[in-house]
Amino acid sequence: MEAVAKLKSVPMSARKMRLVVDLIRGKNVEDALDILRFTKKEAAVWLDKLVLSAIANWEDKQGGMENADDYDLYIKTIYADDGTMLKRFQPAPHGRAHRIRKRTCHVTLVVENATALNNGADAVEVEEVEDAAVEE
């Protein structure tokens, strides 16, 4: 089972966010948190909170009774998209104006359990039934 966490309107360009997102894509959740805690980028602080939120969402989706430490959670999907852009003007020489674009980004994170503990709940057995033709 998977859980989703989203981070909207982060005041940072998506290009800067993708540098850190690429470090944790496909990693185990514990390894990803260790990487983020020792990364010296501002994006790492935002992503650390996002990973913790995704873990909490996964636990809540399990009914609130499960602990994520007992399962092998990994980051299935993570991507950073461009958000809205604030457009401002900066005075420039000779009466001109330069445009300043203050970029934002949206980050989406999907966490899933690596080892599926189904216990047969998801598997549906299909029995073949032979039809006996009734001859009259």
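Helices (DSSP runs of H or I, at least four residues) and strands (DSSP runs of E, at least two) are numbered from the N terminus. This is a predicted model, in which local features need pLDDT of at least 70 and side-chain atom pairs count only at pLDDT 80 or more, while totals for chains, interfaces and linings use all residues. Residues are numbered from 1 along each chain as its sequence is written, and side-chain values use heavy atoms, with hydrogens and water left out.

View 1. Of the 136 residues in the protein, 29% are buried; here buried means under 20% relative accessible area, exposed means over 50%, and partly exposed is in between (1.4 Å probe, protein chains only). The protein exposes about 10000 Å², and carbon and sulfur atoms supply 48% of that area. Accessible areas come from the Shrake-Rupley method with a 1.4 Å probe, and for residues only the protein chains shown count as cover. Contacts (heavy atoms within 4.5 Å) tell us about the fold too: among those between residues at least 6 apart in sequence, 70% join residues at least 24 apart.

**View 2. A patch of negative charge gathers E30, D31, D34, D69, D70 and D72 on the surface.** Patches are made of residues with over 30% relative accessible area and no salt bridge; like charges are joined within 9 Å, and nonpolar side chains (Val, Leu, Ile, Met, Phe, Trp, Tyr) within 5 Å. A salt bridge is a side-chain nitrogen of Lys or Arg within 4 Å of a carboxyl oxygen of Asp or Glu. Lys and Arg count as positive and Asp and Glu as negative, while His and the chain ends are not counted. The place of a charge is taken as NZ of Lys, CZ of Arg, CG of Asp or CD of Glu. Look for D31 in helix α2 (residues 29-37); D31 counts as partly exposed because its relative accessibility is 40%. E30 lies in helix α2, and its relative accessible area of 35% makes E30 partly exposed. Now find L73: E30 and L73 are 43 residues apart in sequence, yet 8.3 Å apart in space, C-alpha to C-alpha.

**View 3. K87, R99, R101 and R103 form a positive surface patch.** Strand β3 (residues 97-113) gives the most to this positive patch, with three residues. K87 sits in strand β2 (residues 73-91) and is partly exposed, because its relative accessible area is 49%.

**View 4. S13 is in the loop between β1 and α1 (14-24).** S13 counts as buried because its relative accessibility is 16%. Leaving aside neighbours within four places in sequence, S13 is in contact with R103 and C105.

**View 5. S9 has a positive phi, near 55°, and is not a glycine.** Most residues other than glycine have a negative phi. S9 lies in strand β1 (residues 2-10), and at 43% relative accessibility S9 counts as partly exposed.

**View 6. H94 has a positive phi of about 60° although it is not a glycine.** You can find H94 in the loop between β2 and β3. H94 is exposed, because its relative accessible area is 74%.
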